[in-house]
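Hi,

Here is the structure I promised to pass on. Have a look at it first, and then read my notes below.

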Amino acid sequence: MEVASYQRIQAVRRPASCEGFVLFPRMAASDRVKRTVTLERFGAPLECRNGGTNMSCCGRMCDALPLHGDFGLCQQLSCIAAVLHLANVTHLDMEPKNILFDDTRAVTEGGPPQGQVALFDFDVAVGERTCEQTCGAVMRVSILS
């Protein structure tokens, strides 16, 4: 499902307000036999390590990525949601460890580096499912967690 999810996401035409953002690391290769996906390198996970507090975990991100505005975190998260909806993909495991942050890329060509986030790890994602199938998958994942 992970390969199919990335293929569907990469095939979608993004809304105009989302074109400059990465949103999802590009799939570089896949091996169906080994069941692996190789992604384009992008940032580091948002999850806190070494028992850091919320403020220390946010670190560079809080300085490099405003919450609101045309290039803010809220705009980027809404673009991720819009592209997932257009691709008919449900992630099912959206949490900080599956969101990458990078502050070295420009949103506009030749522009300054801008903090960006990207969602990855679609190993439990579903696509083209009915609400009942998706809700059942969510319940199964919740029970296993």
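Predicted model: local features only at pLDDT ≥ 70, side-chain atom pairs only at ≥ 80, totals over all residues.

Asp-102 stands opposite Gln-116 in strand 6.

What does the side chain of Asp-102 meet? It forms a salt bridge with the side chain of Arg-105, with 3.0 Å from N to O. As background, side chains of opposite charge can pair when their charged atoms come close. Arg-105 also has a salt bridge with Glu-40, where the closest N and O atoms are 3.9 Å apart. Arg-105 sits in strand 5 and Glu-40 in the loop between strand 2 and strand 3, so this pair ties together parts that are 65 residues apart in sequence. Arg-105 is partly exposed, at 26% relative accessible area, and Glu-40 is partly exposed too, at 35%. Glu-40, Asp-102 and Arg-105 are therefore linked in a network of salt bridges. The structure holds two salt bridges.

Now for a charged residue without such a partner. Asp-121, in the loop between strand 6 and strand 7 (126–127), is buried but has no salt bridge.

Three strands form an open sheet in the order 3-5-6, with antiparallel pairing. Strand 3 (44–45) and strand 6 are at the edges with a single partner strand each, so one side of each has no neighbour in the sheet. Strand 5 and strand 6 are joined by six bridges.

Which residues have the most contacts inside the largest nonpolar core? They are Leu-23, Phe-24, Leu-84 and Phe-122, in a core of 30 residues. Helix 1 (2–11), helix 3 (73–87), strand 5 (99–106) and strand 6 (113–119) each give two or more residues to this core, and helix 3 gives the most, with six. Phe-24 touches Ile-9, Ile-80 and Leu-119, among others.

Last, helix 1. Its residues Val-3, Ser-5, Tyr-6 and Ile-9 are buried. They cover an arc of only 160° around the axis, which puts them on the same side of helix 1. The buried residues of helix 1 pack against strand 1 (27–31), strand 2 (36–39), helix 3 and strand 4 (89–90).

Cheers

How values were computed. Residues numbered from 1 in each chain as written. Heavy atoms only, no water. Core = buried A, V, L, I, M, F, W, Y, C linked by side-chain atoms within 4.5 Å. Buried < 20%, exposed > 50% of the residue type's maximum accessible area, 1.4 Å probe, protein only. Helix = DSSP H or I, 4+ residues; strand = E, 2+ residues; numbered from the N terminus. Contact = heavy atoms within 4.5 Å. Pairing = 2+ DSSP bridges. Arc of directions from axis to C-beta. Lys, Arg positive; Asp, Glu negative; His and termini not counted. Salt bridge = Lys/Arg side-chain N within 4 Å of Asp/Glu carboxyl O. Lists of a residue's contacts leave out its neighbours within four places in sequence.
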